[in-house]
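I opened this notebook to record what I looked up in the structure, entry by entry. The sequence and the model come before my notes.

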Amino acid sequence: MDSPQTQSPVQPLKSLLYWRKSKVNGAATVPVILSLDPSGVLSMQNAELRTIFALPVSHASVRFTSWGTMVVQAHGQQHDIVGVGASMSPSPSRAQLAELGTASGGNSGNDNLGRLGSAGAAMSAADGIGAAAGVAGGVAMEYAYYRGLEAIKAWQETLPLAGATVKKSSMEAMKYFMLAVIAALAIALVAGLLIR
């Protein structure tokens, strides 16, 4: 576990991320705004900009998983936060988009407002053009995931400097999974073209 460091001034950060309220129900992975303000308060707001939690960053305990999930312990509750929503996740609200548009003085973080969406459906294609669409969908899904992962990594670097207790991760697991998915899709594409 990395020790909190309080010598550096707090670098403000604000990102549109997704709160995974359920591990099985994709619709329960909802957009949130995670913020660290210059005074050192870490907060999370929902689609209506209502505060889910707010606490001094030095009171936060955060663990990053190898799959790119940021697990925040705040006020005795666990909040699993990811960089990209599920295909069934609601879109960010107008209030959230407006809030990100007015972010000043800090890094607005994740500007990837998309979800995996149709990429997952495209991946299920099995023949010719469908397989090509599956490969394209897989690439789109991988791109969305890595954009979201970059936002999570920004938090992994910022929070310990601001004084949070942080357990870091290399976040490599998804890279190997995506390589396997892309390889499988390429094989499906070749097979689909040969069967035609």
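What share of the contacts in the protein with a separation of 6 or more is accounted for by residues 24 or more positions apart? I find that such residues account for 63% of these contacts, where contact means heavy atoms within 4.5 Å.

Entry on the source. I note that this is a predicted model, in which local features need pLDDT of at least 70 and side-chain atom pairs count only at pLDDT 80 or more, while totals for chains, interfaces and linings use all residues. Residues are numbered from 1 along each chain as its sequence is written, and side-chain values use heavy atoms, with hydrogens and water left out.

Entry on the overall layout. I looked up the secondary structure and found four helices and eight strands, each being a DSSP run (H or I of at least four residues for helices, E of at least two for strands) numbered from the N terminus. Along the sequence the pattern reads β-β-β-β-β-β-β-α-α-α-β-α. Of the 196 residues in the protein, 42% are buried, with buried meaning under 20% relative accessible area, exposed over 50% and partly exposed in between (1.4 Å probe, protein chains only).

Entry on the sheet. I traced the eight strands through an open sheet of mixed pairing, in the order β4-β3-β2-β1-β7-β6-β5-β8, where two strands pair if DSSP finds at least two bridges between them. At the edges I find β4 (51-56) and β8 (165-167), each of which pairs on one side only. From one strand to the next the twist averages 25 degrees, with axes taken as lines fitted to C-alpha atoms and angles running from 0 to 180 degrees between N-to-C directions. I then looked at β1 (residues 13-20) and β7 (residues 77-82), which run antiparallel and are joined by two bridges; the partner of Y18 in β7 is V82.

Entry on salt bridges. How many salt bridges does a search of the whole structure find? I count five, a salt bridge being a side-chain nitrogen of Lys or Arg within 4 Å of a carboxyl oxygen of Asp or Glu.

One of them joins the side chains of E99 and K14 at 2.5 Å, N to O. Because E99 lies in helix α1 (residues 94-101) and K14 in strand β1, this pair ties together parts that are 85 residues apart in sequence. E99 counts as partly exposed at 22% relative accessibility, whereas K14 counts as buried at 16%.

Another joins K23 and D80 at 2.8 Å, N to O. K23 lies in the loop between β1 and β2 (29-36) and D80 in strand β7, so the pair ties together parts that are 57 residues apart in sequence.

K168 is in the loop between β8 and α4 (173-195) and E157 in helix α3 (residues 128-162), eleven residues apart. K168, at 36% relative accessibility, counts as partly exposed, as does E157 at 43%. Salt bridges that share partners join R20, K23 and D80 into one network.

Entry on rings. I find the charged end of K21 over the ring of W19, 4.9 Å from its centre, the criterion being NZ of Lys or CZ of Arg within 6 Å of the ring centre and within 35 degrees of the ring normal.
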